[in-house]
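Ready for some practice in reading how helices pack?

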Amino acid sequence: MSVELDVFVGNTTIMDEEVYQFWLDGYTVNDAVKVRMEGGVLEECEASAEVLHSDTMDQYRTFQMCERLLHSPAKLANQLLFQIPPHRQAMLIERYYAFDGVFVREVLGKKLSKGTKKDLDDVSAKTGVTLKSCRRQFDNFKRVFKVVEELKGPLVENIRQHFLLSDQLARNYAAIVFFANNRFETGKKKLHYLTFQDFAFCAGQLISYWTVGAVGDNLSPQSPDVYNMVEDMDVDLEKQFLQDLKELKILITDKDLLDQHKSLVCTALRGKTKVFNEMETNFKNLSRGLVNIAVKLTNTKDVRDFFIDLVEKFIEPCRSDKWTAGDMRLFLTHYTNSAHILDTFKHQVLWDRYMGVIKSCILKMYHD
């Protein structure tokens, strides 16, 4: 009785990036073979369908054996089982921890628990991402969260060092961790227009200026080197800062101060925008909206509703009056700067720390 065996002998582990992506995306071996055949690989390599199937299955086995190492990326460089060049290791790690924007958008801000994981069937059906891929991505989020939640130091840097990710991917994971920790509401219908990258940008602002390790008093939110200059970072918003924000209420409770603020802003805006009349008419309502968001951030529920409040109390009214993004930037710039000229307002540093982030987030969230 004859037995056919497929034998492969070599040193450097052969890994086809296309096949790796099929494996990550949750394709079965047969589905991956079908796509490879449709791509013309048989003609290109002058191989039979059986050889292609054998090659695909062999690579799938290799990826499955590597997976436990990818859970702790530093182990990949120190193991002896697979001879993988450094640049190949970096590719394996980066792609393993990459995620689909449509998937992360569905779970952003939710608790990374078994309950959420049970709902992944629905998320898979809604997004078109395979269930296997959804589970991999969710488990990656959870793994990164568990590793970094007890670590001191900059969140982005901790993720980058422990998981050997690129700077951009580490920043994206920092946003996911931050949202999961603070449980920000992102699923309401009026927030559906916002992408993960919109939220990730805002997370970067909040982490850099409103958390325990923030340097909010010393840097402008627009500073490009903010992550490098922060020596300590945390995933929790600074309680004392949130408490201090109550001091800003004077801007809307003191009628003289409110009128003076309106006068300064409108004087600066007159003749510079087509929606000046709308800005002047709605100034007090818009100012109350922004200041009330600040005042209520000591409540956990209001922290969770932060993005809903920005949309409801500021972005939607401006959108209904047909403000452009340029109008928004102009108004927020003069609204923030004019507070420095108010005679009896003594909280300029606190105001700048608050409004710097608010302005950046609103401009990112305002899609005109």
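A crossing of two helices is called left-handed if the near helix is turned anticlockwise from the far one by less than a right angle, and right-handed if it is turned clockwise. Keep in mind that this is a predicted model.

**Exercise 1.** Describe how helix H1 packs with helix H6.

*Solution.* 
Step 1: Find the helices. H1 covers residues 17-24 and H6 covers residues 86-97.
Step 2: Take the geometry. The axes lie 11 Å apart, at an angle of about 25 degrees. Angles under 35 degrees count as roughly parallel, so H1 is roughly parallel to H6.
Step 3: H1 passes H6 in a right-handed crossing.
Step 4: List the partners. H1 brings Glu17, Tyr20, Gln21, Trp23 and Leu24 to the contact, and H6 brings Arg88, Met91, Leu92, Arg95 and Tyr96.
Step 5: Sort them by class. The contact of H1 with H6 has six nonpolar residues, three charged and one polar.

**Exercise 2.** Now do this for H1 and helix H2 (residues 29-38).

*Solution.* 
Step 1: The angle is about 140 degrees and the axes are 10 Å apart. Roughly antiparallel would need an angle over 145 degrees, so H1 is oblique to H2.
Step 2: The crossing of H1 past H2 is right-handed.
Step 3: On the H1 side we find Glu18, Val19 and Phe22, which meet Ala32, Val35 and Arg36 in H2.
Step 4: This contact of H1 with H2 splits into four nonpolar and two charged residues, with no polar ones.

**Exercise 3.** Work out how helix H21 (residues 325-338) runs relative to helix H22 (residues 348-365).

*Solution.* 
Step 1: These two pack with axes 10 Å apart, at about 175 degrees. Since angles over 145 degrees count as roughly antiparallel, H21 is roughly antiparallel to H22.
Step 2: Residues in the contact include Met328, Leu332 and Tyr335 of H21, and Trp351, Met355 and Ile362 of H22.
Step 3: By class, the contact of H21 with H22 holds eight nonpolar, two polar and three charged residues.

**Exercise 4.** How many cavities of 30 Å³ or more does the whole structure have, and what lines the second largest cavity?

*Solution.* 
Step 1: The search finds two such cavities.
Step 2: The second largest cavity holds about 30 Å³ of space.
Step 3: Its lining is made of Val107, Leu108, Gly109, Lys110, Leu112, Phe141, Ile176 and Ala180.
Step 4: Sorted by class, the lining of the second largest cavity has six nonpolar residues, one polar and one charged.

Notes:
Residues are numbered from 1 along each chain as its sequence is written. This is a predicted model: local features need pLDDT of at least 70, side-chain atom pairs count only at pLDDT 80 or more; totals for chains, interfaces and linings use all residues. Side-chain values use heavy atoms; hydrogens and water are left out. Axes are lines fitted to C-alpha atoms, for helices over the stretch in contact, and angles run from 0 to 180 degrees between N-to-C directions. Helices (H or I, at least four residues) and strands (E, at least two) are DSSP runs, numbered from the N terminus. Angles under 35 degrees count as roughly parallel, over 145 as roughly antiparallel, 65 to 115 as roughly perpendicular and the rest as oblique. Contact means heavy atoms within 4.5 Å. Ala, Val, Leu, Ile, Met, Phe, Trp, Tyr, Cys and Pro count as nonpolar, Asp, Glu, Lys and Arg as charged, and the others, Gly among them, as polar. On a 1 Å grid over the protein atoms alone, a cavity is a set of points where a 1.4 Å probe fits but cannot get out, and a pocket is an open set with protein on both sides within 12 Å along at least five of seven lines; lining residues have an atom within 4 Å of a point. Grid points are joined across faces, edges and corners, and a volume is the space filled by probe spheres set on the points.
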